[in-house]
Amino acid sequence: MVKGGKYGSIDPCFPSKVAQAHVHNLLFEHHSEKRTLQYVFFPILTHVRSWIEDTVDNTSCPIVAGSPNVIKAAFTKEVDFFQQRGIEYLSPALPSSSHRFSRERC
């Protein structure tokens, strides 16, 4: 089994499936005394840009929008691995459809 595999997801969305293993890799492989992480930034993408014109709305799929919360829950359920390592987990809601709003939030 790949390290971090137990943090995998059964979601049908490929990015959501690999996100938990990626965060596991950041916490347990990349975060070390030599290379410390201060933040994990995983925004909740509420809306996305689209090339399709005249749509009512361009909201993100619920799986994509919910992934940051699922990730946080997976790594704080039994032990808060972020707090244990002194890493702040940031997951603000960002509508990526608005560049101006995104710049102001970051």
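Helix α1 passes helix α2 in a right-handed crossing, meaning that the near helix is turned clockwise from the far one by less than a right angle. The contact (heavy atoms within 4.5 Å) is made by the residues tabulated here.

| Helix | Residues in the contact |
|---|---|
| α1 | S16, A19, Q20 and V23 |
| α2 | I63, V64, S67, V70, I71 and A74 |

Seven of these residues are nonpolar, three are polar and none is charged. The axes of α1 (residues 14-30) and α2 (residues 62-74), lines fitted to C-alpha atoms over the stretch in contact, come within 10 Å and cross at roughly 30°. The two helices are therefore roughly parallel, a term for angles under 35 degrees.

The model is predicted: local features need pLDDT of at least 70 and side-chain atom pairs pLDDT 80 or more, whereas totals for chains, interfaces and linings use all residues. Residues are numbered from 1 along each chain as its sequence is written, and side-chain values use heavy atoms, without hydrogens and water.

Beyond its neighbours within four places in sequence, Y89 is in contact with V40, F42, P68, I71, K72 and F82.

Buried residues (under 20% relative accessible area, 1.4 Å probe) make up 26% of the 106 residues in the protein.

Terms used
Axes are lines fitted to C-alpha atoms, for helices over the stretch in contact, and angles run from 0 to 180 degrees between N-to-C directions. Helices (H or I, at least four residues) and strands (E, at least two) are DSSP runs, numbered from the N terminus. Angles under 35 degrees count as roughly parallel, over 145 as roughly antiparallel, 65 to 115 as roughly perpendicular and the rest as oblique. Ala, Val, Leu, Ile, Met, Phe, Trp, Tyr, Cys and Pro count as nonpolar, Asp, Glu, Lys and Arg as charged, and the others, Gly among them, as polar. Buried means under 20% relative accessible area, exposed over 50%, partly exposed in between (1.4 Å probe, protein chains only).
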